Amino acid sequence: MNIAQLLNQLPGAVAQGLIWGIMAIGVYITFRILDIADLTVDGSFATGGAVAAILITGGVNPWLATLIAFVVGLAAGMVTGVFHTSMGIPAILAGILTQLALYSVNLRIQGIGTDLGSRANVPLSINKYKNMLVSLRNVGRFALDNPIWLMLLITLVLIGLMYWFFGTEYGCGLRAVGANPQMARAQGISTGMGKIVGLMISNGLVAFSGALMAQYQGFSDVQMGRGAIVIGLAAVIIGEVVFGKLFRNFALKLLAVSLGAIIYYMVIQVVLWLGLNTDDLKLLTALVVALFLAMPHWKSRFTAWKLKGGKLRG
Amino acid sequence: MAESEMLVLQGLHKTFNPGTVMRKMALAGVDLTLSKGDFVTVIGGNGAGKSTMLNAIAGTFQVDSGTISLGGRNVTHLPEHKRAAFLGRVFQDPMTGTAASMNIEENLALASRRGQPRGLRWGITARERAEYREKLASLDLGLESRMGSKVGLLSGGQRQALTLLMATLKKPELLLLDEHTAALDPKTAEKVLRLTSQLIRDNGLTALMVTHNMKDALALGNRTIMMHEGKVILDLDAEAKKHMTVEDLLAQFEKASGRELANDRMLLV
């Protein structure tokens, strides 16, 4: 266990955290603002990667490819939204259906131009596509082309955009849809439309993040979104636990989500460094997120127990 | 239709859970016309269809048959959020009318845009803030100094007063009050009721107020209707109300419905 080895890994953890942080901001929009647990994200993250990879290998400018990935993400969110509102399918199931469908769609997107018409993995070498936005090759260097700088800039711009959007008349309406749907309808806001738009924006951000991830790691893979929702929730919850008391402003809350993702990846690096097997990582993540999700419930039970005089029985 | 008719209900029918053992005929042919400026109080026993009638007007569900006209427009098949353009609503549960996780001024700003297209302009302007501060001050609850507070921190009475203000901020063609003081303590209920009358009078609103308090029903408004088994069974105008006591009303109920009013929730005093 060499501490220098760990320190070497940390810049990578920060870069990964920043990229996943954008995904987590998408999760925050559905989970915290709209009060929906949207499982589409596992699929739409990979969709973003697939779209960006196939466009970049096809010679499209990486900025444009990443933006198109965002637009395709919007479409994925719309499908879940329509499943949920127009077809009356419970939100969580609607997300699972879209996620499942996207697995096939992603294989097909990645298969564009191949003989088989379907492909599980698209390599994206930085040596071949030198103008890609971010790459892990440069993450260890203290230089301008270190992806951390660009990711920081993109994150701050996105937080600014979200702060603006949710402060507009339309954005306030969306917040009301999540806060109290009955009140929203009484104020003339269509809750169905609101949920669709919210799911679109969320999945647009998730796909955007997936597009950046594919460039960063140098490949796109149909499996790359597996467990994304859990990582997103972990980032949201870590951000709230660590910065909740400090950050009250909406923009700062979004920043906390991004910081939460960075902390998550740093902790992962530490436990890997301590000798945890990579294969056990998802088990650990799931348990930690379950623990944090249980906190509010346990807290209220503890308060009730204290109010009853702290006795174990009635 | 005459110009002065604000609300016209014709033959409204609604059966919940049709074809099951839970079948419940909630509206059995409601006919009601409100003139502009009418303030009508609605009384009746449990399950008489009072709240169901209000929800039918608001569009919470689609009626099985009959028509609903608001200000001369047929709104029978309009979805709830579109009808909201014409309606102000206050609910029985103080939690229902406001968004707890948003602050006071945001709730007011949402309400002031009721029925208007919501665009990408900033959600609340400085001019609005000044206006809200003034209106909140007139409630005399000290809310004008707490405009940035989350509504979830307010008491039930404060939330109902705020909901009332929100419902009337953009003048509605019809104000629907569904037992909006029932969940409050008597003193707060009285205060909210006073505010209700004042807002209706000052803005010249047309209003439909469900109450289980017969005394309030007689004291407030220019008309009182009584419902029973999904129908309007009694309609008293201002003149008739003046000479009516709670005891008279009970006798009238027995005559009109053919049975005694047995209802533990109805307040007779």
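Me: Why is H3(B) largely enclosed by the rest of the structure?

Reply: This is a predicted model, so the answer is a computed one. In H3(B), 9 of the 9 residues are buried, so the helix is largely enclosed by the rest of the structure. They are B:Ile104, B:Glu105, B:Glu106, B:Asn107, B:Leu108, B:Ala109, B:Leu110, B:Ala111 and B:Ser112.

Me: What do the buried residues of H3(B) pack against?

Reply: Elements from both chains. From chain A there are helix H6 (169-179) and H7, and from chain B helix H4 (126-139) and H5.

Me: How many residues does each chain bring to the contact between chain B and chain A?

Reply: Chain B brings 27 residues and chain A brings 21 residues. The buried area between them is about 2,200 Å², with carbon and sulfur atoms giving 60% of it. Of the area that chain B buries against chain A, 27% is supplied by B:His81, B:Arg118 and B:Trp122, more than any other three residues supply.

Me: How many residue pairs are in polar contact between chain B and chain A, and which elements of chain B give two or more residues to the side that touches chain A?

Reply: There are 11 residue pairs in polar contact between the two chains, counting pairs with both residues at pLDDT 80 or more. On the chain B side, the elements giving two or more residues are helix H2 (80-83) and helix H3 (104-112). H3(B) gives the most, with 4 residues. Sorted by class, this side of chain B has 11 nonpolar, 9 polar and 7 charged residues.

Me: Now charge pairs. How many salt bridges are there between chain B and chain A?

Reply: First the general idea: side chains of opposite charge can pair when their charged atoms come close. Between chain B and chain A the count is 4 salt bridges, and over all chains it comes to 16. One that crosses between the chains is A:Glu169 with B:Arg113, where the closest N and O atoms are 2.7 Å apart. These two residues also belong to a network of salt bridges that links A:Glu169, B:Arg113, B:Arg121 and B:Glu128.

Me: Where do A:Arg185 and B:Glu80 lie?

Reply: A:Arg185 and B:Glu80 form a salt bridge, with their closest N and O atoms 2.9 Å apart. A:Arg185 is in helix H7 (residues 181-186) of chain A and B:Glu80 is in helix H2 of chain B, so the pair joins two chains. A:Arg185 is partly exposed at 25% relative accessible area, whereas B:Glu80 counts as buried at 9%.

Me: Which distant parts of the chain does the pair of B:Arg73 and B:Glu173 link?

Reply: B:Arg73 forms a salt bridge with B:Glu173, the closest N and O atoms being 2.6 Å apart. The pair links strand S5 (residues 73-74) of chain B, which holds B:Arg73, to the loop between helix H5 (156-169) and strand S7 (174-178) of chain B, which holds B:Glu173; the two residues are 100 residues apart. B:Arg73 is partly exposed, at 32%, and B:Glu173 is partly exposed too, at 23%.

Me: Is A:Asn138 buried or exposed?

Reply: A:Asn138 is buried, with a relative accessible area of 10%. This residue sits in the loop between strand S1 (121-123) and helix H5 (147-165) of chain A. Leaving aside neighbours within four places in sequence, A:Asn138 is in contact with A:Asp145, A:Asn146 and A:Pro147. Of these, A:Asp145 is partly exposed at 40% and forms a salt bridge with A:Arg141, the closest N and O atoms being 2.8 Å apart. A:Arg141 is partly exposed at 43%.

Me: Which residues have the most contacts inside the largest nonpolar core?

Reply: In soluble globular proteins, nonpolar side chains tend to be buried together. Here the largest nonpolar core has 68 residues, and those with the most contacts inside it are A:Trp20, A:Ile22, A:Met23, A:Val27, A:Phe166 and A:Leu212. Several helices of chain A each supply at least two residues, including helix H1 (3-33) and helix H8 (191-217). The largest share, 14 residues, comes from H1(A). Another core, of 46 residues, lies apart from this one, and B:Leu143, B:Ala189, B:Leu195 and B:Met209 are among its residues.

How values were computed: Residues numbered from 1 in each chain as written. Chains lettered and ligands numbered in written order. Predicted model: local features only at pLDDT ≥ 70, side-chain atom pairs only at ≥ 80, totals over all residues. Heavy atoms only, no water. Contact = heavy atoms within 4.5 Å. Buried area = accessible area lost by both parts, 1.4 Å probe. Salt bridge = Lys/Arg side-chain N within 4 Å of Asp/Glu carboxyl O. Polar contact = N/O pair within 3.5 Å; in protein donor to acceptor, adjacent residues only side chain to side chain. Nonpolar A, V, L, I, M, F, W, Y, C, P; charged D, E, K, R; others polar. Buried < 20%, exposed > 50% of the residue type's maximum accessible area, 1.4 Å probe, protein only. Core = buried A, V, L, I, M, F, W, Y, C linked by side-chain atoms within 4.5 Å.
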